[in-house]
Amino acid sequence: MRILTGAAMAGAGLVICVTLVSRWFVAHRGLALGLMLSGTSLGNAFVPQLATWLIDVNGWRASFYVLACLPLALLPIIGLPSRNGPSGWALRPTAGRRWSRLAK
């Protein structure tokens with residue numbers, strides 16, 4: 001059961017991240033995907049250290065609460081730009097370095 005849960009979480013997280021990055025970036029898409037994947041790896045290295053420190057300082061119950069609320073606090077920040085992609089912000093991904101406004 002744990003193997004299936006882990007595989008489902010890994011697949012869903014990677015698919016969502018790749019879809020969002022691909023929606024926003026056309027030029028240098030490989031670089032953007034590489035940075036996104038390295039960010040997830042850094043998170044996987046950092047969060048266990050943070051959890052260990054929180055448990056030592058606050059105990060496991062308070063640490064669990066903090067670690068559960070942290071992603072919930074980030075949801076509006078992540079969800080706002082990813083809701084409709086660049087077109088929801090009157091932007092379009094370009095082949096150049098900067099975003100360009102859509103023609104009105």
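Accessible areas here come from the Shrake-Rupley method with a 1.4 Å probe, and for residues only the protein chains shown count as cover. On that basis the protein exposes about 8400 Å², with carbon and sulfur atoms supplying 70% of it. This is a predicted model, so local features need pLDDT of at least 70 and side-chain atom pairs count only at pLDDT 80 or more, while totals for chains, interfaces and linings use all residues. Numbering runs from 1 along each chain as its sequence is written, and side-chain values use heavy atoms, leaving out hydrogens and water.

As for the fold, there are three helices and two strands (DSSP runs numbered from the N terminus: H or I of at least four residues for helices, E of at least two for strands). Along the sequence they read α-α-α-β-β. Of the 104 residues, 12% count as buried (under 20% relative accessible area; exposed is over 50%, partly exposed in between, 1.4 Å probe, protein chains only).

Helix α2 takes up residues 29-58, and its end C-alpha atoms sit 41 Å apart; that agrees with the 44 Å its 30 residues should span at 1.5 Å a residue (the expected span being 1.5 Å times one less than the number of residues). Ala32, Leu33, Met36, Ala51 and Leu54 of α2 are buried. Glycine 59 follows α2, with a positive phi near 90°.

Leucine 74 counts as partly exposed because its relative accessibility is 39%. Together with Leu70, Ile77 and Ile78, Leu74 makes a nonpolar surface patch of about 380 Å².

Note on methods
Patches are made of residues with over 30% relative accessible area and no salt bridge: like charges are joined within 9 Å, nonpolar side chains (Val, Leu, Ile, Met, Phe, Trp, Tyr) within 5 Å. A salt bridge is a side-chain nitrogen of Lys or Arg within 4 Å of a carboxyl oxygen of Asp or Glu.
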